[in-house]
Amino acid sequence: MGGINKPGKPKSKRVSVRLRHSIQKASAAKQKKDRKLGKKNPEWRSKLKKDPGIPNLFPYKDKILAEIEEGRRKKVEDAEKRRADAKATKTGEKTGEQMDREVELRMEGVEEEEILDEEMDEDIDEDANPMAALLASARAAAQQYEDELESGDEMDEDDESESDEDDEGGVELSGMPTRKDGSRKAFDKVFKQVVDQADVVLYVLDARDPEGTRSKEVERMVMAAASGGKRLILILNKIDLIPAAVLKSWLIHLRRYFPTLPLRASGPAPNAHTFNHKELTVQNTSATLFKALKSFAAAKQLKRAVTVGVIGYPNVGKSSVINALTSRLGGAGAACPVGAEAGVTTSLREVKIDSKLKLLDSPGIVFPSTGDGSRASKKEEQARLVLLNAVPPKMIEDPVPAVTLLLKRLSRAEGMMNKLMDVYSLPPLMTSNGDPTTDFLVQVARKRGRLGKGGVPNIASAATTVITDWRDGRIQGWMDAPVLAIAPDATAATSNDGPVVGDQKEIVTEWAAEFKLEGLWGNGKDEVEVGTMQE
């Protein structure tokens, strides 16, 4: 039938869906509510659906259950048998089946060697006895490894005997023992290779502790190489972390022995407390070193390029020195990878500047120290290396002794402890009762949020934070230069220790002339202006 307005059109059968939609919304709301309540319910419920099992009306239910039980029993028996066989193999005894099999074979007239071969074949059979097969393969691998080790030891003995004959009088260096890229011998070999190939050796020192990053044995080794034909220059890096007066005193002290140049190889870390030395910028200091090396290369007039080797402790800035020199050429990117942690450079790297000059970057090596070998001495040496940033953070076993040594050093200088407290906004330490290091680290842990369960301060984490701040220059601190008496002339200062002696004025003057260091902070007079500190 049609409607009133349109008599010819049939009436639609469509009805309202309001009821259906309301039911769907109510169902979704109920499911959402159930999920919320389920999350709040502390009772554990498995997400796996429970196996309904075999229906009782299934006609073969008893037979299937019997088969399942038989399979479980056989599995338990096989496991016990494998354990017994493994135990017998380990102790060298024979199982009952092996004894019966051996008796049968002997009765048949089989020889003992064939029996043993057959037993080994049975042991190697993985399906029959996987544990025995595993043990047999392990024994074979161990025997092969021992044979290779013996042959390798023989070759090492030959190499060591040859190297001892060639390198008599050399210095033994101790590298980082836990490096993944090589052993201590490999790093020592790379270091000696740099010294042998280099015409000029740049010895990079940390300006905060130059004597701590300096080794007299290495200096003797460089001076003795090539009958004294090598040239050694001390590079005082990270000069922006010490004040002008301290820098000047260190330059005067180090120039008693070798030509020394100050250098800012890279910019400071974020939030680091630095000193502005005006003219001693990254560009000016790198330009000074570059001109000195080019002057030496031009004076030598060699048909080959002059090789400059860069050596020093880990993380003193050896790769940054090379990058500062290569940045003057306008190259894109860094020539050598650098990082705040020690151990970035792991192999010998050659960087060519031009046809007359090339640089050799070497991995950092921890040089030997004069200790009595006691446990306390080793602990103190490890703490000293941590403060020198020569140990990567992941390799530091206990950072607390390093913090103790740092507090001990800072307490000797006036105002250094107050500046340390200002870094963390801490009150003065309680030095009358208890351990000041523990008191300091507890306050640092609370200030920096280094807390464990129950709000207990994490001392190790707080100590690592302090060491990281010291590494990045956020904590001010430095060692003062020693005050030594000046010898009347160069010939009067002699020593029985070797070619490195005090007050080598003649060597310093001669080498400074070769590198044309006059006027380039090379005379030690009025080269460092008093700087201002930038917070």
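Let me begin with a pair of side chains, those of Asp34 and Lys30, which meet in a salt bridge at 3.2 Å, N to O, where a salt bridge is a side-chain nitrogen of Lys or Arg within 4 Å of a carboxyl oxygen of Asp or Glu. What we are looking at is a predicted model, so local features need pLDDT of at least 70 and side-chain atom pairs count only at pLDDT 80 or more, while totals for chains, interfaces and linings use all residues. Residues are numbered from 1 along each chain as its sequence is written, and side-chain values use heavy atoms, with hydrogens and water left out.

Asp34 and Lys30 both lie in helix H1, four residues apart, about one turn of the helix; helices here are DSSP runs (H or I, at least four residues), numbered from the N terminus. Lys30 counts as exposed because its relative accessibility is 53%, whereas Asp34, at 39%, counts as partly exposed. The terms run as follows: buried is under 20% relative accessible area, exposed is over 50%, and partly exposed is in between, with a 1.4 Å probe and protein chains only.

Staying with helix H1, which covers residues 18-40, we find Arg35, and at 52% relative accessibility Arg35 counts as exposed.

Which residues are linked in a network of salt bridges? They are Arg448, Asp469, Arg471, Asp472 and Arg474. Within this group, Arg474 forms a salt bridge with Asp469, the closest N and O atoms being 3.2 Å apart, and another with Asp472, where the closest N and O atoms are 3.0 Å apart. Asp469 counts as buried because its relative accessibility is 5%, and Asp472, at 14%, counts as buried too. For the whole structure, the search finds 18 salt bridges.

Turning to helix H9, residues 282-300, its 19 residues should span 27 Å at 1.5 Å a residue, and its end C-alpha atoms are 28 Å apart, which agrees; the expected span is 1.5 Å times one less than the number of residues. The buried residues of H9 include Leu289, Phe290, Leu293 and Phe296. After H9 comes Gln301, whose phi is positive, near 55°.

Asn389, a residue other than glycine, also has a positive phi, near 60°. Asn389 sits in the loop between helix H11 (375-387) and helix H12 (400-412), and it is buried, with a relative accessible area of 4%.

Lastly, Pro482 is placed in the loop between helix H15 (459-471) and helix H16 (505-515), and its C-alpha is 8.5 Å from that of Ser249, although the two are 233 residues apart in sequence.

Conventions: Helices (H or I, at least four residues) and strands (E, at least two) are DSSP runs, numbered from the N terminus.
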